[in-house]
Every structure is written in C-alpha cells, then in structure tokens.
Amino acid sequence: EFYKLVNQPFKEGGVGLWKKKAKRVTDYLEKIIDERKDVEYIYNTIEKNPEVSIFDEIQHIRNWLIDGYTGKLSQLQITALDEVISDRIKGFIPANKVVEILDLSNNKFGVGLSFRAAQLMAEKLELILNDNNEEFNNK
C-alpha cells in the first residue's frame, strides 16, 4: 500500500519516485518501523526488570546500524559500539554526545569510527529511539 503511494505518479497523488527508488525508500522506512518496535520492547522490558539482559536486542540494533558500513570493525570496536547503544537506550549518554563517542578513538574509550560513519550511525540510532528515551527516563 505504502509502496504504491510512493511509486504512484505525482499527478495521481503519489510521490512519483522511480520503481527501484520507491522500493529502497519503502524498505528502509519499514526497517525503521520494525527497529522502533524492537526499541519499544526493550524499554518495556527494562521498565519491568531493570536487571534483565538486553544483549541480544543490542546486537540486533548494532547489526542494523552497521548494515551498509563498508569498514571493518574489530571486536573491541563492536564491544564499544554495543556499549554506546546500551548506554544511549538507558539514557546514560545524551543524543548530542553519541557522534563524539563513536568518533573517539578506542584508546580514549570511544568506538574509533570515521566522523562520517559516526554521524550516520548516530542519526540512524536516534531515528529508532526518537522520544522513547526521554519518556523512559522520566518515569
């Protein structure tokens, strides 16, 4: 349904994107919606039991964040990225510090990504967190 609207010509009330572009856009938006549902589940889980492990969910989010990333991540970087995701979800890191930490070198307790990769991953992370983090911390 959404794909049809995006692919439909502008004159007919659609967005008028080419078929392949419409497919990429709708797939990307559907993935964001799915990830937001996963994040909502994480918040509900943590709210019920703050001590519960969310490791599998964090790995899932990490895999989504690095989808399309062409660089190689070391095990240390993966662990650091998982920690950033977890800390951001729990509200230990404010949104405006995520890029800085992702860009910071490993030996300074960062992830060690390039600035551009850090920006892209931080933006994707915030897309799925939205306002949920603030709501969670205010409860």
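**Exercise 1.** Find out how the axes of helix α2 (residues 19-48) and α6 lie to each other.

*Solution.* Start with the axes: they come within 8 Å and cross at roughly 65°. Axes here are lines fitted to C-alpha atoms, for helices over the stretch in contact, with angles from 0 to 180 degrees between N-to-C directions. Next, list who touches: Y28, I32, E35, R36, V39 and Y43 from α2, and K124, L127, I128 and L129 from α6. A contact means heavy atoms within 4.5 Å. Then sort that contact by class: seven nonpolar, no polar and three charged residues.

By the way, this is a predicted model, where local features need pLDDT of at least 70, side-chain atom pairs need 80 or more, and totals for chains, interfaces and linings use all residues. Residues are numbered from 1 along each chain, and side-chain values use heavy atoms, without hydrogens and water.

**Exercise 2.** Decide whether L120 and F109 are buried or exposed, or in between.

*Solution.* First the scale: buried is under 20% relative accessible area, exposed over 50%, partly exposed in between (1.4 Å probe, protein chains only). L120, in helix α6 (residues 115-129), has 39%, so it counts as partly exposed. F109, in the loop between α5 and α6, has 77%, so it is exposed. F109 also has a positive phi of about 70°, though it isn't a glycine.

**Exercise 3.** Where does pLDDT stay under 50?

*Solution.* pLDDT is the predictor's confidence in each residue, from 0 to 100. The protein chain averages 88, but residues 133-139 stay under 50.

Definitions and conventions
Helix = DSSP H or I, 4+ residues; strand = E, 2+ residues; numbered from the N terminus. Nonpolar A, V, L, I, M, F, W, Y, C, P; charged D, E, K, R; others polar.
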